[in-house]
Amino acid sequence: MTLGSYGQFCPVAMAAEMLCTRWTIVLVREMVAGSTRFNDLRRGVPRMSPSLLSQRLKELEVAGIVWRGPADDEPGVQEYRLTKAGHDLQSIIEAFGIWGQKWIETQATLENLDPSLLMWDMRRNLDPSPLPDRRTVISFLYPELAGGRRHWWLVVEPFGAVDLCSTDPGYDVDLWVTTNLRTMTEIWMGLARVDQVREKIQFEGDPAMASTMQTWLGLSPFSSQSKLVH
């Protein structure tokens with residue numbers, strides 16, 4: 001019997017022993033979403049220490065959920081990818097998210113604001129198709145935050161790649177968006193639309209981009225699930 005074992009033959013209990021240690025299911029969520037490199041995984045779980053991240057990755061590798069190998073396009077760089085068993089967890093991750101969006105009270109959800117995670121998720125889900133067919137830079141400013149947490153840039157390349165910067169990338173900015181972190185989180189989670197909170201957002205720059213923000217922003221994959229508690 002392993003440390004912390006439930007001591008049950010039930011498959012639910014055995015799966016819980018493996019997946020319900022702290023941060024594990026959130027880490028798998030990040031891998032299901034497409035992150036494969038250590039630093040990208042850190043950006044998806046910004047409050048997880050690097051040492052604990054390394055430990056959890058090793059545990060998932062031993063469990064046959066993750067495999068580690070060299071990156072195809074960058075010699076010397078290691079990547080972490082889901083095995084077939086890991087990919088089978090996608091439906092579980094989706095079910096967790098849908099349940100949380102549906103049943104976790106809104107106020108409790110919005111107590112856990114995190115600009116790093118929000119901007120990383122926005123980068124991942126942004127839809128470049130409504131944007132100009134050239135490099136496009138969008139600046140987000142959260143005035144209530146301090147230091148390196150208040151200013152972020154999304155750089156959208158013509159071929160669709162999106163980069164997130166926490167320092168000025170040095171490009172001309174097409175659209176400046178100034179709002180508070182709670183409002184932006186509400187929009188991204190599908191709890192409010194841009195037009196419903198327009199008085200809380202200040203736009204400067206390209207008016208066409210400002211008017212189509214709801215379209216190109218890209219929302220949480222769970223945003224279409226309505227909350228049943230408020």
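## Met122 and its contacts

Let's start with Met122: leaving aside neighbours within four places in sequence, Met122 is in contact (heavy atoms within 4.5 Å) with Phe140, Tyr142, Leu154, Met184, Trp188 and Leu217. This is a predicted model, where local features need pLDDT of at least 70 and side-chain atom pairs count only at pLDDT 80 or more, while totals for chains, interfaces and linings use all residues. Residues are numbered from 1 along each chain as its sequence is written, and side-chain values use heavy atoms, leaving out hydrogens and water.

## Two nonpolar cores

A nonpolar core is a set of buried Ala, Val, Leu, Ile, Met, Phe, Trp, Tyr and Cys residues joined through side-chain atoms within 4.5 Å. Buried means under 20% relative accessible area, exposed over 50%, and partly exposed in between (1.4 Å probe, protein chains only). The largest core has 33 residues, and Met122 is among those with the most contacts inside it. A second, separate core has 18 residues, including Leu19, Val28, Leu41 and Leu82.

Now look at helix α4, residues 50-62. Helices (H or I, at least four residues) and strands (E, at least two) are DSSP runs, numbered from the N terminus. In α4, Leu52, Leu53, Arg56, Leu57 and Leu60 are buried. Seen down the axis, the buried residues of α4 fall within an arc of 135 degrees (taken from the directions from the helix axis to the C-beta atoms), so they line one face of the helix. On the other side of α4, Ser51, Lys58 and Val62 are exposed. Cover for the buried residues of α4 includes α2, α3, β1 and β2.

Methods: The expected span of a helix is 1.5 Å times one less than its number of residues.
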